[in-house]
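Student: Please put up the structure so that we can go through it by question and answer.

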Amino acid sequence: MAEHLSQSELDYPFKLLEYFNGFRVSKVIFSACELGVFDLLLLSQKPLSAELVAQELGASVDGIERLLDVLVGVDILEVEQIDGTACYSSTDVANLYLAKGSAKSLHDMIIYQSQTIYPLWNNMVHAVREGKNQNEKTFGISPEDIFQTIYRSEEEMLKFMGLMNSTWILDGHDIVTAFNLSCFKAMVDLGGCSGALARELSKAYPSSSVTVLDLPTVIQTARQHFSEQDDTIVFQEGDFFDGDIPPADLYILARILHDWKEEKCVQLLKKIHARCQPGGGVLLVEALLFENRRGPVMAQIFSLNMLVQTEGKEHPPSQYSNMLSFAGFHNVQVCRTGKSYDAILAIK
């Protein structure tokens, strides 16, 4: 922004004010999701008045009207006058991404952002000053074991797994097709959580077997809440840090390394390298920073989130390449998808 300030921006800080109010817009969308606004409008066969929406959702008419008006202002809802009454309906984007029942719903991602990430970010000043996560201040849980915090109850585990499921429903296809992986006949998604990314792998490479390895409680929850009738993927209980890693031609680490300090990442990569046969490989999926530190802003924001929630951070491609090389991998290839997450493929 500093290099591109126009005179008008110097005269009146429109862009800065937009940034200042960004959290308010986020909370409007979060609140509408939690209240069920988008689900109600999707199911409705006609536009609804604020009074009808409030009645259905058990909310105040005044509060709902104000909330709906902001959603219209940010182009998420539509409004029209019918017999002198303002009536609201969803846009195609809201129906596709914000209603819980949609195949591409980001509802679970939004609930996690609202109820877990948002409270953590209230302690950002402490995180920056201390250089450590804020799980203790935010949730009263030890900062040492980050997944003890993330999985601190069945409800919280389901929220996190819902977040991951939404992420890969949205970004999974671009990730699994960033490289041609058809030569890898046995794939294991380490820390594959709900299995959403594994399903995208299975769809793209139907002749390959795909296994999800995760902690026993995660696998049991995935089987109970996220299994699909036509699943071809296999769930396997295990701990890729402390237990055995099953044999495979390709190991996937999707949003895993950014959780941990570099020495722990290298330790895991060395373990995978030792398990790999020659010609086998590892696929890393992360939000890659630019080498010149000028973005992408989403990856930079994710890196701040790693500070406030985990032990890790986001890295530029060179950092991951160095870790992979140190672990023994070579022929490192990088693919920027242009979306939230990028892919790095390395071969033994």
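The questions below go from the whole chain to single residues.

Tutor: This is a predicted model, in which local features need pLDDT of at least 70, side-chain atom pairs count only at pLDDT 80 or more, and totals for chains, interfaces and linings use all residues. Residues are numbered from 1 along each chain as its sequence is written, and side-chain values use heavy atoms, with hydrogens and water left out.

Student: How many helices and strands does the protein chain have?
Tutor: Helices (H or I, at least four residues) and strands (E, at least two) are DSSP runs, numbered from the N terminus. By that count the protein chain has 17 helices and 10 strands.

Student: What is the radius of gyration of the protein chain?
Tutor: The radius is taken over C-alpha atoms, and the globule rule is 2.2 Å times the number of residues to the power 0.38. For 348 residues the rule gives 20 Å, and the chain comes close to this, so it is as compact as a globular protein of that length. The radius of gyration is 22 Å.

Student: What share of the residues of the protein chain counts as buried?
Tutor: Buried means under 20% relative accessible area, exposed over 50%, and partly exposed in between (1.4 Å probe, protein chains only). Of the 348 residues, the buried share is 48%.

Student: Which residues have the most contacts inside the largest nonpolar core?
Tutor: A nonpolar core is a set of buried Ala, Val, Leu, Ile, Met, Phe, Trp, Tyr and Cys residues joined through side-chain atoms within 4.5 Å. The largest one has 76 residues, and its largest share, eight residues, comes from helix H12 (residues 154-176). The residues with the most contacts inside this core are Leu 181 and Leu 253.

Student: Which residues does Leu 253 contact, leaving aside its neighbours within four places in sequence?
Tutor: Contact means heavy atoms within 4.5 Å. On that basis the partners of Leu 253 are Leu 190, Leu 268, Leu 269, Ile 272, Val 282, Leu 283, Leu 284 and Val 285.

Student: Is helix H13 (residues 196-204) largely enclosed or largely open?
Tutor: The buried residues of H13 are Ala 196, Leu 197, Ala 198, Arg 199, Glu 200, Leu 201 and Ser 202. They pack against H12, strand E4 (186-190), strand E5 (209-214), strand E6 (234-237) and E7. Because seven of the nine residues of H13 are buried, the helix is largely enclosed.

Student: Is Arg 255 buried or exposed?
Tutor: Arg 255 is found in the loop between strand E7 (250-254) and helix H15 (262-275). Its phi is near 55°, a positive value in a residue other than glycine. At 15% relative accessibility, Arg 255 counts as buried.

Student: And Asp 83, buried or exposed?
Tutor: Asp 83 is found in the loop between strand E2 (77-82) and strand E3 (85-90). Phi of Asp 83 is near 55°, again positive in a residue other than glycine. With a relative accessible area of 80%, Asp 83 is exposed.

Student: Is the peptide bond from Gly 295 to Pro 296 cis or trans?
Tutor: Most peptide bonds are trans. Pro 296 is found in the loop between strand E8 (281-286) and helix H16 (297-309). With omega near -15°, the bond from Gly 295 to Pro 296 is cis.

Student: How far apart in space are Leu 304 and Phe 326?
Tutor: Leu 304 is found in helix H16 and is partly exposed, at 31% relative accessibility. Leu 304 and Phe 326 are 22 residues apart in sequence. C-alpha to C-alpha, their distance in space is 26 Å.
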